[in-house]
Amino acid sequence: MQYRTLGTSGLSVSPVCLGTMTFGIPVAENDAIRLVHTAIDLGINFIDTANVYEGYSRYLGSAGGVAELIVGKALRDRRDRMIITTKVGAPVGPGPQDRGLSPVHVLRELDRSLRRLHTDFIDHYVIHWPDKIVPLKTTLAALETAWRQGKIRSFGVSNHAAWQICELLWIAERRGGPPVVSSQIPLSLLRREFQNDLAFCLKHGIGVTPYQSLQGGLLTGKYRRGKAPPEGSRAAEKPDWVWKLDSAMYDRLEAIAALGGQISAPMTHYALAWTLAQPAVSSVVVGATRAEQIRDAVAASELTIPADHFSQLDALCPPPWRQPDPVRG
Ligand SMILES: NC(=O)c1ccc[n+]([C@@H]2O[C@H](COP(=O)([O-])OP(=O)(O)OC[C@H]3O[C@@H](n4cnc5c(N)ncnc54)[C@H](OP(=O)(O)O)[C@@H]3O)[C@@H](O)[C@H]2O)c1
């Protein structure tokens, strides 16, 4: 396992981070605990959860907590083997203080996460979504309090654009507090809208931890044109969590699989290796319902995609528009 640094955090993380969004349903508690232990045995030292995760039961505003409780149980006798990331900000109830990035909500949810995870500190605390109302300096002051109390050791953001990360860096520098060190964004061959922000992250020491790099399972090769989704798969069990599988999508998936086939790479390996090859990427957050899927992700981290495949993949899955550079090309 080739560990990578998570931005300027000082943490060395495995290139695969275990996602836990499906802990509870469909991955029942005992199976989820076994998955965590398998991940550790394979050398994975990075786990991603959130205060709101509770598997397929999740709806906007539901209380969450299930995945953190399971992770806490799984790590009870091996806490030091995992760098724990958990997140705050998404709604956990109907009340005005039940969401967002106010100090009241953040510090209350942090204490709840600590209790559920059975730990005294979170290695890496992440702001799940931006909050349009609460000023960033107000949220930063709360995170700084938690950091000084030793409840969090570093922090990052998720679903934030580069300009929002830039603002956080400015404020932290002025305050002399801990800087943001990571950015968790959706990034896959099929979803590239944040890709232009990677250059900013590289330049400013922000470790990127992409999520849904298998696009919920679409980039695994298991969904076939004209065939029903395999039994137990996400498309069969929770179709509203999977992008639409229409004819254009199958065209694209088949073309990606064919390119991967040229180097005998299974689609899962090829898709994850592509994400891991992007600038500033520290670790890719992968969901798994079975131990073989974790083994597959670890194997993917050892694959190198040939240089000439990147432009062919760009032709199939266009990158976001980027201003041409007349000076440097
Ligand atoms: N920050 C955010 O806003 C945010 C948002 C979403 C997710 N996340 C994080 O990212 C993690 C991953 O998200 P995700 O699970 O939606 O996306 P994903 O990693 O793209 O998809 C994972 C799913 O693909 C299938 N799969 C994985 N490996 C496979 C393999 N080798 N062969 C066949 N199928 C395979 C499994 O589903 P089935 O076996 O059920 O088909 C698995 O649950 C989450 O757990 C969470 O930690 C963060």
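What is the order of the strands in the open sheet, and is the pairing parallel or antiparallel?

Mentor: Please keep in mind that this is a predicted model. The open sheet has eight strands in the order β9-β8-β7-β6-β5-β4-β3-β10, with parallel pairing. Its edge strands are β9 (207–208) and β10, each of which pairs on one side only. In general, the strands of a sheet pair through backbone hydrogen bonds, either parallel or antiparallel.

Strand β5, residues 83–88, is joined to β6 by four bridges in the parallel sense. Within this pair, Val-88 stands opposite Ile-127 of β6. Strand β6, residues 124–127, is in turn joined to β7 by three bridges, and these two strands also run parallel. Here Tyr-125 stands opposite Phe-155 of β7. Between β6 and β7 the chain passes through helix α4 (residues 136–148), and this β-α-β crossover is right-handed.

On to the next neighbour: three bridges join β7 to β8 (residues 180–184), and the two run parallel. The bridge partner of Val-157 in β8 is Ser-183.

Most residues other than glycine have a negative phi, and most peptide bonds are trans. In the loop between β7 and α5 lies Asn-159, which has a positive phi of about 60° although it is not a glycine. Asn-159 counts as partly exposed because it has 19 C-beta neighbours inside 10 Å, and a residue needs 20 or more to be buried. His-118, found in the loop between α3 (103–117) and β6, likewise is not a glycine and has a positive phi, of about 55°. With 15 C-beta neighbours inside 10 Å, His-118 is therefore also classed as partly exposed. A further feature is found in the loop between β3 (16–19) and α1 (29–41), where Pro-26 is located. The peptide bond that joins Ile-25 and Pro-26 is cis, with omega about 5°.

Of the 28 residues around the ligand, Gly-19, Met-21, Leu-214, Gly-217 and Gly-287 come nearest. The elements that give two or more residues to this shell are β10 (284–286) and α10 (291–300). By class, the shell holds six nonpolar, 18 polar and four charged residues.

Finally, consider helix α8, residues 247–261. Its 15 residues should span 21 Å at 1.5 Å a residue, and the end C-alpha atoms are 21 Å apart, so the two values agree. The buried residues of α8 are Leu-253, Ile-256 and Gly-260. They cover an arc of only 60° around the axis, and therefore lie on the same side of α8. On the other side of α8, Ser-247, Ala-248, Asp-251 and Ala-258 are exposed.

How values were computed
Residues numbered from 1 in each chain as written. Predicted model: local features only at pLDDT ≥ 70, side-chain atom pairs only at ≥ 80, totals over all residues. Pairing = 2+ DSSP bridges. Right-handed = clockwise from strand over helix to strand, strands pointing away. Near = placed C-beta within 6 Å. Nonpolar A, V, L, I, M, F, W, Y, C, P; charged D, E, K, R; others polar. Expected span 1.5 Å × (residues − 1). Buried ≥ 20, exposed ≤ 12 C-beta atoms within 10 Å, placed from the backbone. Arc of directions from axis to C-beta.
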